[in-house]
Amino acid sequence: MLFKQQALLRQKLFVLGSLAIGSLLYLVARVGSLDRLQPLCPIDGRFGPRGQEEIPLRALQFKRGLLHEFRKGNATKEQIRLHNLVQQLPKAIIIGVRKGGTRALLEMLNLHPAVVKASQEIHFFDNDENYAKGIEWYRKKMPFSYPHQITIEKSPAYFITEEVPERIYKMNSSIKLLIIVREPTTRAISDYTQVLEGKERKNKTYYKFEKLAIDPNTCEVNTKYKAVRTSIYTKHLERWLKYFPVEQFHIVDGDRLITEPLPELQLVEKFLNLPPRISQYNLYFNATRGFYCLRFNIVFNKCLAGSKGRIHPEVDTSVITKLRKFFHPFNQKFYQITGRTFNWP
Ligand code: A3P
């Protein structure tokens, strides 16, 4: 009888133990720790020299914290030397398009352990005063990183500024260029909404979108209006193509980045020759925000600022139709040049 009870107790303990170990393993896997223990694949030769010492992802996660401290200026020169940290020129730049989702793209790419973002828009190539300060000034604006990591910056004004392609070419003719686009009319309205909000903040009045987008004399689309011109993607891209071959550009679907970010990010990882490391775990839908937010680990997650994802004012449907008709031929050309087709009306 006693023997039977002991056997039963042992059996119960075994089941409970297995359950505990199982749950623990599940938890570890869920926070992504198992994945991070695996070594980082070396990044393709086009980014940095091959054969550099590989750093396990877990170590990178840890060092990310350190990098953050360094960025805040809390590091001594000795620490920077000890950790072999450098300020590197970007290997890839998000050149635009304004209101296409440039911030979301940068923040989401920054989830990748081999990517380090320049937090601020640097405006080096589009601002003559900054450009005159020279390339070393630009490099000093970059965050600290490990030599095998790549730095990415975003300044959406680059896409539409005349002098920028030549200036970037002079810095690095093989740089990778990311362009995130949205349906052109929606992008133009988003652009208008941002300006409108700025005016309202200063208690200023502003015109209605319809009045700016349509020339009241001709009743045609007003191509002098900046928000309209920026959405003629092909016109700007053609200027860039005088300096860079089309293979050096990757077009990101900004509308899809909103609804289904992971596949878009995976395409970018591929374009940048990065091992696939961003997973569904890193992205979760926040119903209150109405957008995907970022999860770095079990404790650290964040959504983009409230200035991203504004409510657009209602726009007259006839104006929307007119704009869509206007953009249509330019869109067709854009699809043809880039090899990426969108279902824009
Ligand atoms: P709206 O404000 O028109 O909705 P940018 O960073 O280039 O200024 O782009 C802003 C746009 O990014 C926003 O435009 C928003 O729709 C889009 N976006 C894409 N993914 C987002 C995300 N996860 N959170 C917030 N906004 C996102």
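## Terms and model

Two strands pair if DSSP finds at least two bridges between them. Helices (H or I, at least four residues) and strands (E, at least two) are DSSP runs, numbered from the N terminus. By this definition of pairing, S2 and S6 pair in the parallel sense over four bridges.

This is a predicted model, in which local features need pLDDT of at least 70, side-chain atom pairs count only at pLDDT 80 or more, and totals for chains, interfaces and linings use all residues. Residues are numbered from 1 along each chain as its sequence is written, and side-chain values use heavy atoms, with hydrogens and water left out.

## The chain as a whole

The protein chain has 15 helices and ten strands. Of its 345 residues, 45% are buried (under 20% relative accessible area; exposed is over 50% and partly exposed in between, with a 1.4 Å probe and protein chains only). Contact means heavy atoms within 4.5 Å. Among contacts between residues at least 6 apart in sequence, 71% join residues at least 24 apart.

Strands of a sheet pair through backbone hydrogen bonds, either parallel or antiparallel. Here, an open sheet of five strands runs in the order S3-S5-S2-S6-S7, with parallel pairing. Strand S3 (115–117) and S7 are the edge strands, each pairing on one side only. Neighbouring strands are turned by 25° against each other on average, direction ignored. Helix H5 (residues 102–109) packs on the sheet, where it touches strand S2 (92–96), S3, strand S5 (150–154), S6 and S7. The direction of H5 makes about 165° with that of S5 (axes are lines fitted to C-alpha atoms, for helices over the stretch in contact, and angles run from 0 to 180 degrees between N-to-C directions).

S2 is mostly covered, with five of its five residues buried. S2 pairs with S5 in the parallel sense over three bridges. Ile-94 stands opposite Lys-154 in S5 and opposite Leu-178 in S6. Strand S6 (residues 176–181) pairs with S7 in the parallel sense over five bridges, and Leu-177 has Phe-249 in S7 as its bridge partner.

## Nonpolar cores

A nonpolar core is a set of buried Ala, Val, Leu, Ile, Met, Phe, Trp, Tyr and Cys residues joined through side-chain atoms within 4.5 Å. The largest one has 28 residues, and those with the most contacts inside it are Ile-95, Tyr-158, Ile-168 and Trp-240. Two or more residues come from each of S2, helix H8 (164–171), S6, H12, S7 and helix H15 (317–338). Among the residues that Trp-240 touches are Ile-95, Tyr-158, Ile-168, Leu-177 and Phe-249. A second, separate core of 27 residues includes Ala-92, Val-115, Leu-262 and Leu-294.

## The buried side of H8

In H8, Val-164, Pro-165, Arg-167, Ile-168 and Met-171 are buried. They lie on the same side of H8 because they cover an arc of only 165° around the axis (taken from the directions from the helix axis to the C-beta atoms). These buried residues pack against S2, helix H6 (128–131), helix H7 (135–140), S6 and H12.

## Gln-248

Gln-248 lies in the loop between helix H12 (233–240) and strand S7 (249–253). Its relative accessibility is 15%, so Gln-248 counts as buried. A polar atom of the Gln-248 side chain lies 2.9 Å from the backbone oxygen of Ile-175. Not counting residues up to four places away in sequence, Gln-248 touches Ser-173, Ser-174, Ile-175, Lys-176, Leu-177 and Phe-271.

Conventions. A polar contact is a pair of N or O atoms within 3.5 Å; within protein, one must be able to donate a hydrogen and the other to accept it, and residues adjacent in sequence count only if both atoms are side-chain atoms.
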